[in-house]
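Dear colleague,

My findings follow directly after it.

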Amino acid sequence: METTEALDKKINKKAPVKKVQKEKTKLGTLLLGVPVILWLLMIVIIPVILMLIMSFKIKSGYEITNIFTFQNYLSFFKNSTYWRILLKSFRMAFIVSFTAIIVSYPLAFFISRVLKKGRSFLFMLIIIPLWVSYLVRIIAWRTILGNNGLLNNLLMGLHITKQPLSIFLYNNFSVILTLTYIAIPFVFIPLYTALEKIPNNLVEAARDLGANDFHVFKSIILPLSAPGFITGFMLSFILALGDYIIPQQLGGKTGLMFGNIVWSQFGFASNWPLGSALGFILFTIAAVILAITQKFSGEEGIYM
Amino acid sequence: MKKTGLIFLTVLALVTLVFGVIIVNGCKPKAKAKLSIACFKGYAEDEWVKPFEEKYNATVEVTYFGSVDEAFAKAKAAPDQWDIISIDSGRVKLYYDAGLIKDIDTAKIENYGKVGEYFRTQGYAELEKGKKFHVPICWGDQDFVVNMETAGEDIKPYLKDIGDGKQALSYNVLKDAKLANRETIFDESTNVTNMSAISAGIKTPFKLDDNGYTKMQEELTKWAQNCRAFTIGFDSEMQVLTSGDAEVILTGNNSLVAMALADQNLGGKFKHFLPAEGTICWIDGWALSKLTTGESLDLALKYMDYMIGDEGQQKLAKLVGFGIVNPSGASGYTDVIGKTTWWYSTSIDKFPVPLYVMVAEENPEQRVKVWTDIKASLGK
């Protein structure tokens with residue numbers, strides 16, 4: 001049997017070896033991070049910096065001059081059209097995210113906590129739309145909601161309406177509906193993960209203490225699924241806020257959103273500095289939303 | 001002896017290797033010359049691109065774009081990615097001012113003399129004295145397509161006889177409350193501002209002063225308020241027509257729409273009408289990138305030459321159905337074009353309503369702003 005003294009000596013002898021190993025591991029981790037940092041630099045950070053630099057330039061005739069100016073940002077605040085449409089885009093993005101949460105939460109709850117079998121299959125069914133091209137999904141909705149579309153044919157087939165109704169397409173309703181449809185998988189995935197992670201023993205303990213279904217949901221399920229709730233809401237909000245294709249394709253005469261205004265500056269207007277400034281404003285808003293939700297949801301909520 | 005033999009073998013091996021490398025490299029086929037084309041669909045079809053590649057032992061790379069807006073954004077973002085680009089008469093100055101294009105030596109284009117005088121003498125292409133920056137290949141106008149089954153009666157008050165038993169349709173149809181939410185116009189600032197300016201009685205739709213802007217904006221706002229949606233290109237126009245989502249549309253792709261509707265056996269339902277007050281005329285053609293040199297430049301000129309030659313024009317007339325610039329190609333028109341957009345198969349000099357050939361607008365940025373403001377006011 002070894003004495004305590006002998007053991008202490010042994011430990012002290014091994015300590016430097018462990019320290020070296022620990023440092024090696026740390027270096028290895030750092031080296032492993034290099035490609036990720038490079039990737040982030042190339043794909044995210046450098047383009048954003050370039051956009052930021054462009055936003056401080058100014059268009060003169062058809063030339064973009066290198067004069068440093070805040071004029072493009074001032075144009076945003078001076079022109080009521082810009083911030084009015086931005087506010088409208090906020091409103092639309094909020095409605096889309098709220099609706100996507102309302103639809104996705106019961107679905108995620110049912111699949112993750114109620115169903116015993118077939119969870120993976122249903123999970124796949126919900127994310128299958130992500131495999132289909134974005135544009136194809138938009139066109140599909142246009143076909144469903146149009147005058148000769150599935151919905152109108154169904155209503156007329158059931159003798160609910162005599163003529164095709166034009167209220168389903170080319171308005172804010174069709175934009176919200178399609179954006180919600182696009183957002184649902186992005187909301188569902190974090191919600192499902194959050195709900196699935198809630199330990200069953202907590203629920204059982206609550207029941208043992210006499211809590212009914214409502215109390216279990218209110219005191220355990222809802223608070224513990226909050227990170228998924230916030231992450232899903234954030235993803236959906238950012239997705240809807242910057243979209244310009246759905247408003248253009250399905251929005252009709254009232255469909256204009258902020259993304260469309262940004263896009264128009266890169267076309268005939270050929271005002272890339274203003275387009276960059278407007279784009280950067282949108283990017284900053286998205287980044288602030290991301291930061292706030294990260295603060296409230298915690299690291300686990302964002303990365304789960 | 002052994003050593004000498006070894007040296008001999010080594011030298012022989014080295015010589016063989018060096019000659020081998022030289023022979024292999026020498027036998028490699030010469031790298032193919034390359035021509036990069038950026039254009040609308042229909043201007044670089046396999047039907048003539050493949051034979052062109054074979055004839056000149058060249059590779060032709062084609063990039064398509066869906067709208068003129070998209071074309072300019074792409075061309076400006078990557079000016080080294082295309083040798084020639086299809087642009088219309090109204091954008092030539094835009095590309096020139098943006099420093100994207102250079103003059104074309106038309107003397108090296110054999111068929112240039114076959115292009116009708118009307119097109120060769122247009123001032124828009126001559127941005128520097130004696131230098132051409134655009135080789136026209138076809139032309140077209142913007143007009144109405146009406147679903148006669150559902151809107152035939154409603155448009156009657158707006159029809160005007162233009163001779164030969166033909167009728168034109170007044171722009172006022174776009175303001176009729178009866179047709180509210182049954183019409184569409186384009187989501188393209190230049191076209192809609194120009195056409196609404198014509199409708200407002202302005203004779204210089206491409207050069208608006210403050211008063212002209214006010215009149216145009218009033219007119220365009222009324223159109224927009226009465227519309228159901230704004231279309232973006234051919235697919236979008238076809239979609240609203242075939243789905244019944246709109247019954248009266250302004251189209252920028254009239255002959256393509258006519259042919260596509262005929263293909264779907266829907267041609268009988270729809271009828272094309274020229275706007276009675278006049279319309280804008282785009283002349284599409286090729287512009288040459290400032291960066292095109294060497295073999296690519298030769299190929300670019302040959303490609304332009306082919307497209308304005310008799311065979312190229314016939315194929316173009318058959319495929320896209322728009323007006324052609326070399327009358328020898330007229331035999332290519334199909335019956336569908338003769339019955340629907342019939343004015344393409346006659347001379348442009350006999351166009352039955354006032355025709356305004358598109359040139360650069362006085363301030364495209366201002367027009368984008370006006371159109372954005374109008375759309376924003378509708379979406380409150």
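In this predicted model, the domain assignment divides chain B into domain 1, covering 33-137 + 284-337, and domain 2, covering 141-281 + 359-378. Their C-alpha centres are 27 Å apart. To the contact between them, domain 1 of chain B contributes 13 residues and domain 2 of chain B likewise 13 residues. On the side of domain 1 that touches domain 2, the elements giving two or more residues are α4 (92-97) and α13 (335-339) of chain B. That side comprises 6 nonpolar, 5 polar and 2 charged residues.

Also in chain B, helix α2 (residues 46-56) packs against helix α11 (residues 294-308) at an angle of about 135°, the axes being 12 Å apart. The two helices are therefore oblique to each other, since an angle counts as roughly antiparallel over 145 degrees and as roughly perpendicular from 65 to 115. The crossing of α2(B) past α11(B) is right-handed. From α2(B), the residues in contact are B:W48, B:F52 and B:Y56, and α11(B) supplies B:L299, B:K302, B:Y303 and B:Y306. By class, this contact holds 6 nonpolar residues, no polar ones and 1 charged residue.

Turning to the two chains, 29 residues of chain A are in contact with 28 residues of chain B. On the chain A side, two or more residues each come from α3 (80-114) and α11 (258-265) of chain A. The largest share, 4 residues, belongs to α3(A). The chain A side as a whole divides into 10 nonpolar, 15 polar and 4 charged residues.

Yours sincerely

Technical notes. Residues are numbered from 1 along each chain as its sequence is written. Chains are lettered from A and ligands numbered from 1 in the order in which they are written. This is a predicted model: local features need pLDDT of at least 70, side-chain atom pairs count only at pLDDT 80 or more; totals for chains, interfaces and linings use all residues. Axes are lines fitted to C-alpha atoms, for helices over the stretch in contact, and angles run from 0 to 180 degrees between N-to-C directions. Angles under 35 degrees count as roughly parallel, over 145 as roughly antiparallel, 65 to 115 as roughly perpendicular and the rest as oblique. A crossing is left-handed if the near helix is turned anticlockwise from the far one by less than a right angle, and right-handed if clockwise. Two residues are in contact if their C-beta atoms, placed from the backbone, lie within 7 Å. Ala, Val, Leu, Ile, Met, Phe, Trp, Tyr, Cys and Pro count as nonpolar, Asp, Glu, Lys and Arg as charged, and the others, Gly among them, as polar. Domain bounds come from an automatic or database domain assignment.
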